[in-house]
Amino acid sequence: MYGRTAIAERVQALGAAISADYSACLAGGDAVVVVGVLRGCVPFLADLARALRVDVEVDFLAISRFAPNSGRVRITRDLDIDIVGRHVLLVEGIVDSGLSVGYLTGELRRRSPLSVEVCTLADRQVRRILPLEARYVGFTVDDSFLIGYGLDFRGRYGNLPDLRAVDRHALEGDSDAYVGSLYRSRTPPRT
């Protein structure tokens with residue numbers, strides 16, 4: 001769906017746009033607090049942080065899965081950095097329904113930052129429940145189930161270097177359904 005080159009180009013473009021936006025509002029010595037939502041954002045956040053041309057501090061949040069039939073999540077790993085009076089960029093691997101990002105941006109705004117913006121690698125607007133617009137979007141995607149570049153299925157496939165659309169039902173039936181086909185084309189490490 002999106003190969004390494006396309007991802008790298010989008011990350012560089014996002015880095016340039018974000019840098020341009022924040023360079024004007026950062027006072028001497030200030031840094032943007034880049035907050036990653038664990039775990040799906042890690043490869044994207046690492047590449048994005050290297051593409052930024054403004055000073056950044058990186059921290060992470062993690063949230064639980066939605067409790068069945070409640071729509072509730074909770075923070076399972078909180079920030080170490082105080083964001084009062086700081087510019088915050090929330091980085092997510094994929095924004096889907098908007099519920100998780102809506103919850104997190106609300107929590108972050110309660111901590112009195114100067115601003116909170118959202119950057120996502122993949123924006124699946126077709127499934128949006130909460131009206132939410134990410135300011136920085138890598139790719140707008142359809143309803144396909146994506147794996148790779150941090151996006152996983154039950155902890156697997158997130159280490160693929162590109163984004164792939166796969167049949168979620170096939171994975172639910174057999175989590176190894178794509179192991180052979182997706183990893184076979186990768187170059188083995190040199191010894």
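**Close-up 1. Lining of the largest pocket.** In this predicted model, β2 (56–63), β4 (87–95), α3 (99–109) and β7 (145–147) each supply at least two residues of the lining of the largest pocket. Helices (H or I, at least four residues) and strands (E, at least two) are DSSP runs numbered from the N terminus. The lining comprises 30 residues, with R65, I94, D96, S100 and D152 nearest the pocket centre; 15 are nonpolar, six polar and nine charged. The volume is about 1200 Å³. A pocket is an open set of points on a 1 Å grid where a 1.4 Å probe fits, with protein on both sides within 12 Å along at least five of seven lines; lining residues have an atom within 4 Å of a point.

**Close-up 2. Buried side of helix α2.** F44, L45, L48 and A51 of α2 (residues 42–51) are buried (under 20% relative accessible area, 1.4 Å probe). These residues lie on the same side of α2 because they cover an arc of only 125° around the axis, taken from the directions from the helix axis to the C-beta atoms.

**Close-up 3. Surroundings of V91.** Beyond its neighbours within four places in sequence, V91 is in contact (heavy atoms within 4.5 Å) with residues including V34, C41, F44, L48 and C119.

**Notes.** Residues are numbered from 1 along each chain as its sequence is written. Local features need pLDDT of at least 70 and side-chain atom pairs pLDDT 80 or more, while totals for chains, interfaces and linings use all residues; side-chain values use heavy atoms, leaving out hydrogens and water.

Methods:
Buried < 20%, exposed > 50% of the residue type's maximum accessible area, 1.4 Å probe, protein only. Points joined across faces, edges and corners; volume = space filled by probe spheres on them. Nonpolar A, V, L, I, M, F, W, Y, C, P; charged D, E, K, R; others polar.
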